[in-house]
Amino acid sequence: KDKKYKKDKKERKANKHNKDAEEPSQGKVSLAESMPIPQVVMPLSIVQVAGTFPPTIKGFYDFMLEREQVRIKASRGDPWPWTTDAVMQFTRFANVQREHDRTGILISHMLSLQASAWEKASGEGSTNTNARNRLARDYVFSVAIWRRFGSAEFADRLGFVHCPESEISLDLLRDRILDVACSLWTDGFHACTDAYEPASQCHAIELAAWLRKPRSSLLAEGHEQLACALWQAESQGAPARKLRQMRRALASGCGARYVRAVYSCFLDEPSWPIRALWERSASLAAGLMSGSRTGQTWQGPSEALQNVEGYGRDYGAHAAEVIRDLFSTPLMVDYKQGAWAPVSAGARRCLARFAGRSDREGQALPEKLLQEVREVYEKRRQHWPASILHQPVVELRLHDVQAQLGEFDRYLEACAGRPRRSTFFPRAGLPVGLEGASAGSSRVGSAGEGSSSGGRAA
């Protein structure tokens, strides 16, 4: 582990860009040109593991069933581990329904706090209509900003965002967002999630900034030992409180300036300018309200958001997930939620496994892929039980199955020794007698948005 850390350290030190990054320039830098590090944190020792669930439709539903059992056991306070599957014990996966993920629960709660304001603006008259339109725009803008960074801590600290009415207000909001993200990093929290692109790139840079050795000899004293300890803890898993304490000890003013420059790129880079979202938020909100009155599917609003810079092409599924967060708001009450779902890259790869074809064959056939998702969804009548652990099961929806196909692909990749996310570790730590179990997590591998398969939502 020390050899790998020192090797990575030498490579970073030899890179000229890294020297210049110590005092970031005033110019804008693309996020892709930032520190040369892995996109996500990988365990230092990864081997292939025989997974419990085969790459079949039956194996997929068994995987979902196990994931739901993990959620129920964790919620009622059963001791960890909540599964006997070696990969799922140390891997992060989203819950079967997004509403049960930690970030999803928080977002739904913050949106629900605006219910009284919506009711007040629902009366007749132009004044109420304007207030309702502004609030609809606030809904869209808030969710898009929260999901841009993705961590529950960021959404909680930023709070509900009122869409700026002028460019001056937009600049002030941008500075506030940067202040919130930097304060989280200084406090030892990730502002960005490692669950999806492009936030996962920023998540990796946040960790690298904690690990970087300061130039000052006073600050560098003892840094390497603590940085090695943090790298090991991140890779093998450690309680959230311990990780936060270690990160805070490694945070420096120089590192804070560096991550602020990265966050600035994250908001202003050409592939995702916050200004484009701000300019289009009014039309997006208006489209949502008109569609709700006609009982459309949510495909239209998702495709409308994909027309905004940063949400098209590779991030089309992410645009749909932003719209999905609005299901709990008055904007989406009358939409048909079960008739359509986006097909993410992970779901596409999983469907290719089921069909025995290469991923490229299915990439250019979106209508065929959606039909295959529907066919998998229909199999729920055979494979999804009426109750789980003596509790009524959640009613599966088409977009739940689509999202879980992506999680199952992550599971299969982790079994093959190719994890895509940091290792899961129970937030409260291991039960007495299992303290040494985490040492085996790096030998199993980890992967997986939103929540911990071994526990609560991430």
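Begin by selecting Glu413 and showing what surrounds its side chain: beyond the neighbours within four places in sequence, Glu413 is in contact with Arg353, Arg418, Pro419 and Arg420. Keep in mind as you go that this is a predicted model. Glu413 sits in helix α22, which covers residues 398–415. Is Glu413 buried or exposed? Its relative accessible area is 10%, so Glu413 is buried. Now draw a distance to Arg353: the side chains of Glu413 and Arg353 make a polar contact at 2.7 Å.

**Stop two: rings and charges**

A second example is Arg212, which lies over the face of Tyr258 at 4.8 Å from the ring centre.

**Stop three: a ring pair at Tyr139**

The model has 21 aromatic pairs. For one of them, select Tyr139 and Phe160: this pair is edge-to-face, with 6.1 Å from centre to centre and 80° between the planes. What does the pair tie together? Tyr139 belongs to helix α7 (residues 126–149) and Phe160 to the loop between α8 (152–158) and α9 (167–186), so the pair joins parts that are 21 residues apart in sequence. Both partners are covered: Tyr139 is buried at a relative accessible area of 1%, and Phe160 is buried at 14% relative accessibility.

Thr329 touches Leu111 and Tyr139, setting aside residues up to four places away in sequence. You will find Thr329 in the loop between α17 (316–325) and α18 (345–355). Thr329 counts as buried, with 2% relative accessibility. Its side chain reaches the backbone oxygen of Leu326 at 2.6 Å.

**Stop four: Gly159**

Return to the loop between α8 and α9 and select Gly159, which has its place there. Gly159 counts as buried, at 15% relative accessibility. Which residues does Gly159 contact, leaving aside its neighbours within four places in sequence? They are Met110 and Trp146.

**Stop five: along α9**

Follow the chain on into α9, a helix of 20 residues. From first C-alpha to last, α9 reaches 29 Å, close to the 28 Å expected at 1.5 Å a residue. Colour the buried residues of α9: Leu170, Leu173, Arg174, Ile177, Leu178, Val180, Ala181, Cys182, Leu184 and Trp185. As you look down the helix, remember that an α-helix has 3.6 residues a turn, so residues three or four places apart point the same way. After α9 comes Gly188, whose phi is positive, near 90°.

Now centre the view on Phe149. The largest nonpolar core has 80 residues, and Phe149, Phe154 and Tyr263 touch the most other members. The largest share of this core, 10 residues, comes from α7. To see the surroundings of Phe149, select Phe154, Ile177, Ala181, Ala191, Cys192, Thr193, Ala199, Tyr263, Phe266 and Leu267; Phe149 touches each of these, not counting residues up to four places away in sequence. Apart from this core lies another, of 30 residues, among them Tyr61, Ala347, Cys350 and Leu405.

Phe149 has a relative accessibility of 0% and counts as buried, and Phe266 counts as buried at 0% too. Together, Phe149 and Phe266 form an edge-to-face aromatic pair, 5.2 Å centre to centre with 85° between the planes. The pair links distant parts of the chain, 117 residues apart: Phe149 is in helix α7 and Phe266 in helix α14 (residues 253–268).

**Last stop: α14**

How many of its 16 residues are buried? The count is 12, and the helix is mostly covered. Highlight Cys254, Gly255, Ala256, Tyr258, Val259, Val262, Tyr263, Ser264, Cys265, Phe266, Leu267 and Asp268 to see the buried residues of α14. For a check on the geometry, take the distance between the end C-alpha atoms: they are 23 Å apart, which agrees with the 22 Å that 16 residues should span at 1.5 Å a residue.

Technical notes. Residues numbered from 1 in each chain as written. Predicted model: local features only at pLDDT ≥ 70, side-chain atom pairs only at ≥ 80, totals over all residues. Heavy atoms only, no water. Phe/Tyr/Trp six-rings, centres within 6.5 Å; stacked < 30°, edge-to-face > 60°. Helix = DSSP H or I, 4+ residues; strand = E, 2+ residues; numbered from the N terminus. Buried < 20%, exposed > 50% of the residue type's maximum accessible area, 1.4 Å probe, protein only. Lys NZ or Arg CZ within 6 Å of the ring centre and 35° of its normal. Expected span 1.5 Å × (residues − 1). Polar contact = N/O pair within 3.5 Å; in protein donor to acceptor, adjacent residues only side chain to side chain. Contact = heavy atoms within 4.5 Å. Core = buried A, V, L, I, M, F, W, Y, C linked by side-chain atoms within 4.5 Å.
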